[in-house]
Amino acid sequence: MPPAPVTCSTCRANCCKLEVILMGEDNIPARYTQTDRWGGQVMTRLDDGWCAALDRDTMLCRIYEQRPGVCRDYEMGGDDCLIERRSLI
Ligand code: SF4
Ligand code: SF4
């Protein structure tokens, strides 16, 4: 049987628990960001581990149209995605 296709709809937004470093061109609402210990801007993660911009009811990004470049570049089905999906439980 072929493996099930990789899609975000069968994932609990695992990659949205990773650190997201913001770049100069990112324009993210300040309520979702914070300064890290080195002075860089990052997406805030809440106590449950997920990014502050993730809607906990739908498990979708609330700022999808203006999500950071790091998130845009993250490839669904890519090596990093497959590693994160292994922690699905
Ligand atoms: S880990 Fe992969 S499948 Fe899961 S939400 Fe992220 S991109 Fe989608
Ligand atoms: S900004 Fe959106 S896509 Fe990026 S980690 Fe946060 S919830 Fe996920």
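This is a predicted model: local features need pLDDT of at least 70, side-chain atom pairs count only at pLDDT 80 or more; totals for chains, interfaces and linings use all residues.
## Basis of the model

Local features need pLDDT of at least 70 and side-chain atom pairs count only at pLDDT 80 or more, while totals for chains, interfaces and linings use all residues. Residues are numbered from 1 along each chain as its sequence is written, ligands are numbered from 1 in the order in which they are written, and side-chain values use heavy atoms, leaving out hydrogens and water.

C51 counts as buried because its relative accessibility is 11%, where buried means under 20% relative accessible area with a 1.4 Å probe and protein chains only. Beyond its neighbours within four places in sequence, I63 is in contact (heavy atoms within 4.5 Å) with I28, P29, Y32, M43, A53 and P68.

## The two ligands

Ligand 2 is surrounded (a heavy atom within 4 Å) by residues including V20, M43, C51 and A53, and by class its shell has nine nonpolar, no polar and no charged residues, with Pro counted as nonpolar, Arg as charged and Gly as polar.

Around ligand 1 stand T7, C8, C11, A13, C15, Y74, M76, C81 and R85, which divide into seven nonpolar, one polar and one charged.

## Cysteines

Zero disulfides, meaning pairs of cysteine sulfur atoms within 2.5 Å, are found in the whole structure.

Methods. Buried means under 20% relative accessible area, exposed over 50%, partly exposed in between (1.4 Å probe, protein chains only).
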